[in-house]
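Here is a short briefing to read alongside the model.

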Amino acid sequence: MKASRKSLRDFLSAIKFVRTAGTEGERRAADSICAMLEGLGAAVERENFSLPVGRTEHAALEVTAPYRKVYDAAAVALSGSTPEEGIFAQLKYVEDAEEANLNGVSGSVALINRLSPDIYGKVTKAGARAFITFSGSCTGTERDDLEVKNLRDTHLTFGAIPGINISARDAAELVRRSASEVRITLRQREIACESQNIVAEVRGTEFPEKRICFVSHYDTVPFSPGMYDNGSGCAANYELFRMFFRQLPRRTLRFIWFGAEERGLLGSKEYVRRHREELENCELIINIDSAGLAIGSNKAFVTGDEEICAVLRAYALEKGFPLETAQDVYSSDGIPFADAGIPVVNFCRFGPDGSVGIHSRHDVSSQLDMKKLAEMTDFIFSFASMLADPQLFPLKPGIPDNMRSLLDKHLRKDLLSADKSKL
């Protein structure tokens with residue numbers, strides 16, 4: 001059985017719009033996925049969960065010395081609000097918040113290079129009243145959309161101070177023109193919105209209690225129709241379900257489309273939290289995130305034992321499928337499962353620099369090649385078919401110590417569990 005390029009294309013066409021977590025767009029995409037699965041005759045479960053969302057009423061940045069200029073700004077969601085009159089303060093460019101950069105930061109507005117938990121924690125502890133981060137490119141003629149960033153759990157362990165995001169070009173101008181005093185005004189509300197995970201299953205004929213899970217995320221960042229990230233993985237996941245639905249395996253195969261991945265893997269984290277007991281019988285997670293590029297190369301990142309990498313390399317060679325395989329942690333929905341002790345194989349296809357407009361309005365279907373997406377889908381189908389029927393599962397279970405260490409580092413468990421006063 002082969003993947004249908006038409007089926008892949010039709011799936012992508014059905015979700016070809018912005019699908020930000022907690023919005024009507026995400027709910028409409030979930031409706032479409034459910035309808036397509038039900039059209040195959042599948043029983044579909046929809047697991048709703050709540051997530052906090054920041055609703056911006058006003059965000060502004062004004063330089064008041066040594067020149068005057070107003071810049072476009074977007075709120076950093078969940079960072080709170082300024083007083084009604086705003087925050088007037090000195091601007092300090094702290095770069096990556098090295099110790100030498102933090103002198104005089106107390107009481108200031110800190111311009112930071114990245115909204116990492118470490119940098120945010122340092123400027124917060126140093127006494128900054130607010131912060132500015134930036135996104136986009138300093139080159140080219142087209143203006144970048146202002147990315148709506150979020151404070152996540154690892155940031156909020158340090159508390160919340162008001163933050164805005166500006167374009168990289170504007171940030172560079174602030175530095176070049178030695179902007180020294182600014183006024184930030186930010187008003188936003190935190191509300192609870194709803195996202196949803198979609199679950200469908202092909203029940204095993206002989207070992208129904210044993211499971212392989214196929215997962216992908218269907219939400220996008222603001223502005224982006226997300227055909228590559230991750231409409232492609234969702235389409236492949238749907239096509240795999242369609243193929244297995246006609247060829248009943250001996251093990252149960254569960255297919256999940258997650259919401260709110262772009263908000264910090266919230267959908268997959270919630271799924272693992274709710275299903276932890278039954279995950280004891282889950283033998284492998286196959287995650288597909290960002291595939292199908294016309295120009296690029298196929299990758300598989302294994303968060304599990306190196307032995308799984310060896311099996312996968314050998315199988316790809318046997319099938320003549322070009323696939324680079326590495327033992328590593330891939331920043332996607334497999335992480336909560338690996339953290340729960342289940343090996344994960346993450347399939348993706350990366351392009352060269354400049355070949356794909358990820359996390360932008362340029363992430364459109366013209367970047368994709370249905371032939372390449374079908375080829376990866378066919379390989380995953382063949383690989384999973386080989387795993388779905390043996391009486392004894394052929395891949396090594398569990399997460400080895402080296403991967404456990406990388407997972408803990410990626411999840412920033414040091415920040416979530418530590419005494420922040422000692423950091």
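A384 counts as buried because its relative accessibility is 0%, where buried means under 20% relative accessible area, exposed over 50% and partly exposed in between, with a 1.4 Å probe and protein chains only. This alanine is found in helix α10; helices here are DSSP runs of H or I with at least four residues, strands are runs of E with at least two, and both are numbered from the N terminus. Please keep in mind that this is a predicted model, in which local features need pLDDT of at least 70, side-chain atom pairs count only at pLDDT 80 or more, and totals for chains, interfaces and linings use all residues. Residues are numbered from 1 along each chain as its sequence is written, and side-chain values use heavy atoms, with hydrogens and water left out.

**Around A384**

- Not counting residues up to four places away in sequence, A384 touches F214, F244 and I286, contact meaning heavy atoms within 4.5 Å.
- A384 and L240 lie 144 residues apart along the chain, and their C-alpha atoms are separated by 9.6 Å.

**The α6 and α10 pair**

- Two packed helices are described by the angle between their axes and the distance between the axes.
- Helix α6 (residues 227-245) packs with helix α10 (residues 370-388) at an angle of about 50°, and their axes are 10 Å apart. The axes are lines fitted to C-alpha atoms, for helices over the stretch in contact, with angles running from 0 to 180 degrees between N-to-C directions.
- α6 and α10 are therefore oblique to each other: angles under 35 degrees count as roughly parallel, over 145 as roughly antiparallel, 65 to 115 as roughly perpendicular, and the rest as oblique.
- The crossing of α6 and α10 is right-handed, a term for the near helix being turned clockwise from the far one by less than a right angle, with anticlockwise giving left-handed.
- On the α6 side, the contact is made by S232, A235, A236, E239, L240, M243 and F244. From α10 come L373, T377, D378, I380, F381, A384 and S385.
- Sorted by class, the contact of α6 with α10 has nine nonpolar, three polar and two charged residues. Ala, Val, Leu, Ile, Met, Phe, Trp, Tyr, Cys and Pro count as nonpolar, Asp, Glu, Lys and Arg as charged, and the others, Gly among them, as polar.

**Backbone points to inspect**

- A cis peptide bond with omega about 0° joins A65 and P66. P66 has its place in the loop between β1 (44-65) and β2 (69-71).
- Another cis peptide bond joins D229 and N230, with omega about 5°, and N230 is found in helix α6.
- S178, a residue other than glycine, has a positive phi near 55°; S178 is found in the loop between α5 (168-176) and β8 (181-202).
- A260 is not a glycine either, yet has a positive phi of about 60°. A260 is found in the loop between β10 (251-258) and α7 (266-274) and counts as buried, at 0% relative accessibility.

**Cysteines**

- Searching the whole structure finds zero disulfides, a disulfide being a pair of cysteine sulfur atoms within 2.5 Å.
- For C193, the nearest cysteine sulfur is that of C34, 19 Å away. C193 counts as buried at 11% relative accessibility.
- For C348, the nearest cysteine sulfur is that of C309, 13 Å away. C348 is buried, with a relative accessible area of 0%.

**H155**

- H155 is found in helix α4 (residues 153-156) and counts as buried at 5% relative accessibility.
- Leaving aside neighbours within four places in sequence, H155 is in contact with L115, S116, P117, Y120 and N150.
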